[in-house]
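The following note sets out comments on a single-chain model, arranged as numbered points. Please read it alongside the coordinates.

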Amino acid sequence: MPIVAGKLRRADIHPRGRALKLWERQRRKNVHWLMECFAEALGVFFYVFAGVGSQAGFVLGGLTDQAGVSSILQVGFAYSIGIVLALVVCAPTSGGHFNPAMTITAAVFRGFPWKKVPRYIISQILGGYIACLIIYVQYRAQIQEVSAALLAKGALDAVNFTPAGPAGIFGMYVAPGSNLGSVFLNEFVCDFVIGITIWTCLDPTNFLAPPAAIPWIIALAYGVCIWGYAPVGLAANTARDMGGRLLVLTIWGTKAAGGRYAAIAALTNIPSTLFAAAVYELFLADSNRIVPDAHREFVECHMAHHAEEDDDDDELVRRRRSASSSSGVDVKEVTELNP
C-alpha cells in the first residue's frame, strides 16, 4: 500500500470551485479513459508540432536557397523540446507513451492493459495527424508557392515525394536510390538506442536518472539519433510517421503513399523497442538494487493518487488534513503560502 500520511494533494492547496469539482468527479469515474486518450493525442501533438514545424523551415529554406532558415541541428532540438513538453504536460495523465511502440512494449513487459492499447495507438496517430494538418495550414502559402516554382521548372514530380520536397515536410521518404536494407538497419539501431534509453529511465532503481531528469534524457536520445542519422532515413515513432502519412495522403492523394519504405518507417520501431526492453530486462535490470528517495517519492505519490482517485474531493481534503495534523504539516498554512 502507498504511504499517504503527510502527503498534500492539489485540493489541499488550490481548492476547486463546485462546478469543477463535480466535473472532476464525473471525469474520474466515467470518462478517465477519454482523458488518457486526450493526453496521448496532445503529447504527440506537442512532439510533432515542434519537430515538423522546424522541418518545414528546413525543407522550404533549402528549396528557396535561403541559408540559415533551419538545420538538422535545429530540427533535432525542436523534436527534443517537443518531447520534453509532451512528457511534462501530458505524462501525469496518461503515463506518457506517445508512441505505439511504447504502448505495445508496456503491455508486453509491464502489464499495461491490452484493452487500452488500440485506443492509445489511435489517439497517438490522431495527435500526429492534427499537428501536421495545422502546420500545413500555417505553411500553406509558402508550400504552394514553392510547389508552383518547382512545377514551372518541371521538377515537382521528381522532388515532391523525397525528404527535400514539400510533401517530405510531413511524410517520411528516403532519397531516390537508397538501399532499403541499409535504411532498415539505420532505423532499427536508432530505435533500439531510443528504446533502451527510455526503458532505463523507467527503472526506479536508476539513481542517475531521477524523475525530473527523465524528460531531458529521453529528449537527448531522440536528438542524438536525429542529428546523426536522419539523413539516412529515420521515423523513430509510428505515430509521427502515420500522422504525417495520413496528411500527405489527404493533400496529395495515393501517389504520396511512400512505397515500400512506408512499412519500414511505420513498423520498424515496434520490434526494435520490444528488443530494447528485452535486452534491458535480461542483462541490465537487477531486482536487488535499492530504489533512491527521489524515485520512491515519485512512485508513492503516483500510487496514492490511483489508490484514492475515486474518492469524493471533500472527503479527500478532510482525510489529508487529518493526516497532516498527525504528521505536523499545516495544510492551511501551505494554502495561504500558495494562493
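This is a predicted model: local features need pLDDT of at least 70, side-chain atom pairs count only at pLDDT 80 or more; totals for chains, interfaces and linings use all residues.

**Comments on the model**

1. F98 counts as buried, because its relative accessibility is 8%. The residue sits in the loop between α4 and α5 (100–109). As background, most residues other than glycine have a negative phi.

2. Is D65 buried or exposed? With a relative accessibility of 71%, D65 counts as exposed, whereas F98 is buried.

3. At the level of the whole chain, the secondary structure consists of 15 helices and zero strands. Of the 339 residues in the protein chain, 45% are buried. Among contacts with a separation of 6 or more, 79% are between residues 24 or more positions apart.

4. The unreviewed UniProt entry annotates residues 31–52, 72–92, 120–139 and 213–236 as "transmembrane region". Such annotations may be inferred rather than shown by experiment. How much helix does the model place over residues 31–52? The chain there is 95% helix and 0% strand, with the end C-alpha atoms 31 Å apart. Over residues 120–139 the figures are 100% helix and 0% strand, and the end C-alpha atoms are separated by 29 Å.

5. The geometry of α4 deserves a separate comment. The helix has 23 residues, so at 1.5 Å a residue it should span 33 Å; the end C-alpha atoms are 31 Å apart, which agrees. Just after α4, G95 adopts a positive phi of about 100 degrees.

6. The largest nonpolar core comprises 55 residues, and those with the most contacts inside it are V52, I169, F170, I218, Y222 and W252. At least two residues of this core come from each of α3 (32–63), α4 (72–94), α6 (117–153), α8 (180–201), α9 (214–229), α10 (238–252) and α12 (269–284). Which helix supplies the largest share? That helix is α3, with nine residues. Apart from this core lies another, of 10 residues, including I104, A106, A107 and I125.

7. Leaving aside residues up to four places away in sequence, Y222 touches Y47, I83, N99, I194, I198, A236 and N237. The relative accessible area of Y222 is 6%, so the residue is buried.

8. The number of aromatic pairs comes to 13. One of them joins Y47 and Y222 in an edge-to-face arrangement, 5.8 Å centre to centre and with 65 degrees between the planes. This pair links distant parts of the chain, since Y47 belongs to helix α3 and Y222 to helix α9, 175 residues apart. Y47 is buried as well, with a relative accessible area of 5%.

9. A further aromatic pair is formed by F112 and Y120. Why is this pair classed as edge-to-face? The ring planes stand at 65 degrees, with the centres 5.0 Å apart, and a plane angle over 60 degrees counts as edge-to-face. Both partners are buried: F112 has a relative accessible area of 12%, and Y120 has one of 0%. Elsewhere, F184, F188, F192 and F275 make up one aromatic cluster.

10. The last point concerns N160, located in the loop between α7 (156–159) and α8. With a relative accessibility of 3%, N160 counts as buried, because the cut-off for that class is under 20%. Not counting residues up to four places away in sequence, N160 touches G165, P166, A167, G168 and W252. W252 is also listed among the residues with the most contacts inside the largest nonpolar core.

How values were computed
Residues are numbered from 1 along each chain as its sequence is written. Side-chain values use heavy atoms; hydrogens and water are left out. Helices (H or I, at least four residues) and strands (E, at least two) are DSSP runs, numbered from the N terminus. A nonpolar core is a set of buried Ala, Val, Leu, Ile, Met, Phe, Trp, Tyr and Cys residues joined through side-chain atoms within 4.5 Å. Buried means under 20% relative accessible area, exposed over 50%, partly exposed in between (1.4 Å probe, protein chains only). Contact means heavy atoms within 4.5 Å. The expected span of a helix is 1.5 Å times one less than its number of residues. Rings of Phe, Tyr and Trp (its six-membered ring) pair if their centres lie within 6.5 Å; planes under 30 degrees apart count as stacked, over 60 as edge-to-face and the rest as tilted.
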